[in-house]
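Here's a quick tour of a protein model, with an eye on what sits inside and which side chains pair up. Have the structure open as you read.

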Amino acid sequence: MQPTPSSVPQRRLARQARQKFVEGLCSGLPELGKTVQEFLATLMTQTGTAREMQSRRDAWRQYQQLHGPWIQRTAKAWQEALAPHVSSTRGQLAVGAVGNQFELLSDDVVENKILASRMALTITEQVGPQFDTLRQRTQSLEGQELDGNDILRPDAVCLLLVEQWVESGLSRTDLQTVVDPLQRDLANLLQKHYQAVNVFYVEQGITPQADLKSRVRRTSGGAVTGSGGGDSGSGGLASQALAQTREAMAAARGTAPFPAQMARPPQLPPGYPRHGMPTAFATGMTPLARARQRAQGVMGQLRRLLTQPATGFDMVNAPPASAALAHALTAHRVHADTYYSSVATLMEDYSPAAVVQLAGTVRERSTELKKKATTTGEKAIIEVVALMFQSILAEDRIPPAVRVWFARLQVPVLRVALAEPEFFSNMDHPARKLIDRMGACVLGFDSTSINGSALETEIRRVVQVIEQYPETGRRVFQLVYDEFEKFLSKFLTEKQATSRLVSVAQQVEQRETLAIQYTIELRTMLRDMPVRDEIREFLFKTWAEVLALSAVRDGPQHADTVAFKRTAADLVWAASAKPNRSDRAQVIQNLPGLLQRLRQGLTLLGVNGAEQDTQVKTLTDTLADAFLSKTASIPQAHIEAMAKRLANLEDFMSDAALGDMPLNADNIEMMLGIDASSIHVVADNGAPVDDAMVAWAQELQPGTWYTLDHNGASAQVQYAWQSQRKQLHLFAAVDGSSYLIQLRRLAAYLQAGLLVAQDEEGLTLRATRDALAKLDANPERLLD
């Protein structure tokens with residue numbers, strides 16, 4: 001018989017458990033720090049706007065300097081939380097010892113609490129079952145529920161981690177940037193040590209009182225009946241499993257309290273809504289962020305359903321498939337073509353009736369595999385995957401010819417889902433990403449346009465590679481996903497007209513980018529030189545354009561480009577004061593050649609006739625004034641140094657100097673040399689746009705279909721290409737026209753709802769939601 005919960009040895013045992021837990025967490029802190037460092041380093045290598053890239057470098061440098069103190073402070077804070085009767089009002093409203101006087105909170109405290117609560121919500125979805133068992137056992141020892149600040153709680157761990165991040169000098173914005181990998185690894189760390197403490201409790205003979213609930217089941221009417229030891233037949237177990245399934249579905253919908261075995265949401269700051277996010281924050285989210293939040297909610301429901309006690313499914317360590325099921329899966333891989341030969345014949349006409357028969361054939365395959373399964377977990381996984389593919393095959397916007405190949409992915413995906421529980425919790429799993437990408441790319445085609453196309457051929461190849469790959473796991477899906485992305489980059493721009501436009505657009509971006517960079521470098525070189533304003537303006541506004549256009553057309557080290565660079569240095573010297581006769585004689589001697597190169601550069605830029613004469617006259621007048629100037633001259637050594645730097649200017653330029661790139665519609669037609677009436681150039685017009693929308697615009701994936709509302713006309717367009725620096729974006733319409741849109745204008749279209757994705761969720765998320773709806777209506781099918 002166990003001692004009473006209030007006994008001293010029992011409380012000492014609970015303290016030992018906490019000590020063991022905190023020691024484990026602290027030992028894992030360096031790895032958490034390494035994860036964040038690697039993520040920031042990887043992020044720093046990705047392309048983006050100048051502001052984004054500079055921000056990433058700053059975040060990486062700051063983390064390099066301060067991550068040591070953050071880890072030390074976090075470990076210390078966790079250890080200090082072990083002290084008995086620790087009372088902290090971190091982020092909570094405090095009630096005074098006398099009266100009900102509330103303490104006002106600073107914005108920092110509230111922001112820390114919000115971020116920590118959001119992290120805890122995500123983490124609790126993974127560690128919920130282990131934590132709840134630990135909570136029950138600790139409660140049985142201490143005779144009371146865990147305190148809100150108890151270090152055993154995920155939200156307490158997260159809050160201390162967030163507080164120490166900010167107090168160590170790191171930016172809360174940077175923490176939000178790295179929160180995904182950080183909370184993923186923190187969840188794994190907590191899961192590991194919750195399990196370790198539970199093992200410790202078991203070794204000490206501590207059993208939670210809530211374990212007795214396994215002997216109680218609910219009837220269909222909701223009455224509780226005791227099964228005791230007499231209800232050992234299969235009917236009693238099936239009823240109990242069904243009751244647990246219904247309870248899990250209710251909890252997933254949020255219409256019933258969480259069962260004792262499932263995760264409980266952490267406590268949130270007073271005044272904030274129960275879904276874990278303040279109302280002001282939720283309403284200020286971008287559509288992309290809201291879509292991701294919805295996706296997390298759906299995946300959380302699926303995790304809760306699969307980890308209910310009735311299925312016995314482990315979201316961390318998947319057991320090997322039972323022998324009969326493993327044999328059936330291997331046979332399917334070896335004989336995939338044979339299994340689907342009848343389906344291929346069936347789909348030759350691609351009629352709606354054939355699609356219905358295809359779905360039935362695939363369903364029969366799932367039923368056969370389910371009969372081979374020997375555990376409830378295997379049956380549940382087979383059923384969920386089957387329902388997901390049932391939803392995918394019912395998607396009318398996918399051409400029937402492609403749906404055949406999606407159907408053949410069901411069993412390979414099942415192999416992955418059985419081996420990798422992460423498939424059910426991670427939207428970025430390669431298997432999900434591949435299906436979503438292929439689906440997004442075919443939604444805008446009909447059967448006539450896609451049958452026999454290169455895209456259909458590639459999808460067929462991808463599926464066949466996956467079917468015949470001997471290994472089970474993400475490796476093959478990641479491999480073919482990368483190959484599919486490479487295929488798309490070529491396929492979307494292989495048409496001659498599109499390819500030419502892409503080439504010109506890339507040149508336009510390169511030219512404008514170089515013009516900005518040349519201007520910045522010229523400003524830097526002339527900062528401390530006594531150069532007249534007329535010469536400065538000409539070099540910055542006109543000659544930088546000449547240098548950029550020449551570098552794009554002929555190359556930065558071409559003889560003409562090099563001569564134009566030397567001309568800039570010669571012009572600066574010629575326009576400086578000439579106090580002695582020899583310098584003036586040299587200017588007179590070199591003037592014809594200098595003017596000839598200036599006219600050559602202006603002609604290259606398209607400045608001719610009277611406009612060219614006006615600019616040249618302004619320059620010659622300035623040179624004449626230099627003869628009479630009494631100001632200090634520019635030493636020849638400075639001019640030579642400038643000329644040398646100009647000759648190799650590209651070596652000194654960096655992306656960090658880039659600003660907003662202007663786009664001139666006339667450049668497109670001029671450089672194409674053809675009628676560009678079918679090309680709509682949508683340049684930045686200065687419309688206000690949120691930075692978050694700009695970031696969203698840079699994350700669009702080529703191949704995705706959108707509805708574009710431009711100048712009052714609606715068009716179905718496919719995102720075909722983005723330039724190297726993501727400043728220009730090309731959309732191709734089904735009627736052959738093209739839309740070349742500048743980055744911030746694209747963001748403005750997204751913000752205004754003028755560019756809307758035809759599939760905002762993705763196939764797999766929608767399929768997951770449909771599967772949950774079917775299980776909600778008919779929970780018996782999960783284990784039947």
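A residue counts as buried when its relative accessible area is under 20%, as exposed when that area is over 50%, and as partly exposed in between. With that in hand, buried residues make up 48% of the 784 residues in the protein chain. Keep in mind that this is a predicted model.

**Overall build**

- The protein chain has 30 helices and eight strands.
- Take the contacts with a separation of 6 or more: 74% of them are between residues 24 or more positions apart.
- The chain's accessible surface is about 36,300 Å², and carbon and sulfur atoms account for 51% of that.

**Aromatic pairs**

- A pair of aromatic rings is described by the distance of the centres and the angle of the planes.
- Searching the whole structure turns up twelve aromatic pairs.
- One of them is Phe131 with Tyr194, a tilted pair at 5.6 Å centre to centre with 45 degrees between the planes.
- Phe131 belongs to helix α3 (residues 107-142) and Tyr194 to helix α6 (residues 179-203), so this pair ties together parts that are 63 residues apart in sequence.
- Phe131 and Tyr194 are both buried.
- Another pair is Tyr706 with Phe731, which is edge-to-face, with 5.9 Å centre to centre and 85 degrees between the planes.
- This time strands are involved: Tyr706 is in β4 (residues 705-710) and Phe731 is in β6 (residues 728-733), so the pair ties together parts that are 25 residues apart in sequence.
- Tyr706 has a relative accessible area of 5%, so it counts as buried, and Phe731 is buried too, at 0%.

**A charge over a ring**

- Look at Arg432 and Phe423: the charged end of Arg432 sits over the ring of Phe423, 4.7 Å from the ring's centre.

**Salt bridges**

- Side chains of opposite charge can pair when their charged atoms come close.
- Counting a side-chain nitrogen of Lys or Arg within 4 Å of a carboxyl oxygen of Asp or Glu, the total is 27 salt bridges.
- Lys370 and Glu383 make one of these, at 2.8 Å from N to O.
- Arg397 pairs with Glu395, and their closest N and O atoms are 3.1 Å apart.
- Here the two partners fall into separate classes: Arg397 is partly exposed at 31% relative accessibility, whereas Glu395 is buried at 12%.
- Arg437 has a salt bridge with Glu485, the closest N and O atoms being 2.8 Å apart.
- Arg437 is part of helix α17 (residues 430-442) and Glu485 is part of helix α20 (residues 474-491), so the pair ties together parts that are 48 residues apart in sequence.
- In this pair the Arg is the buried one: Arg437 has a relative accessible area of 3%, while Glu485 counts as partly exposed at 23%.
- Finally, there's a network of salt bridges that links Asp132, Arg135, Glu145 and Arg153.

Methods. Residues are numbered from 1 along each chain as its sequence is written. This is a predicted model: local features need pLDDT of at least 70, side-chain atom pairs count only at pLDDT 80 or more; totals for chains, interfaces and linings use all residues. Side-chain values use heavy atoms; hydrogens and water are left out. Helices (H or I, at least four residues) and strands (E, at least two) are DSSP runs, numbered from the N terminus. Buried means under 20% relative accessible area, exposed over 50%, partly exposed in between (1.4 Å probe, protein chains only). Contact means heavy atoms within 4.5 Å. Accessible areas come from the Shrake-Rupley method with a 1.4 Å probe; for residues, only the protein chains shown count as cover. Rings of Phe, Tyr and Trp (its six-membered ring) pair if their centres lie within 6.5 Å; planes under 30 degrees apart count as stacked, over 60 as edge-to-face and the rest as tilted. A charge sits over a ring if NZ of Lys or CZ of Arg is within 6 Å of the ring centre and within 35 degrees of the ring normal.
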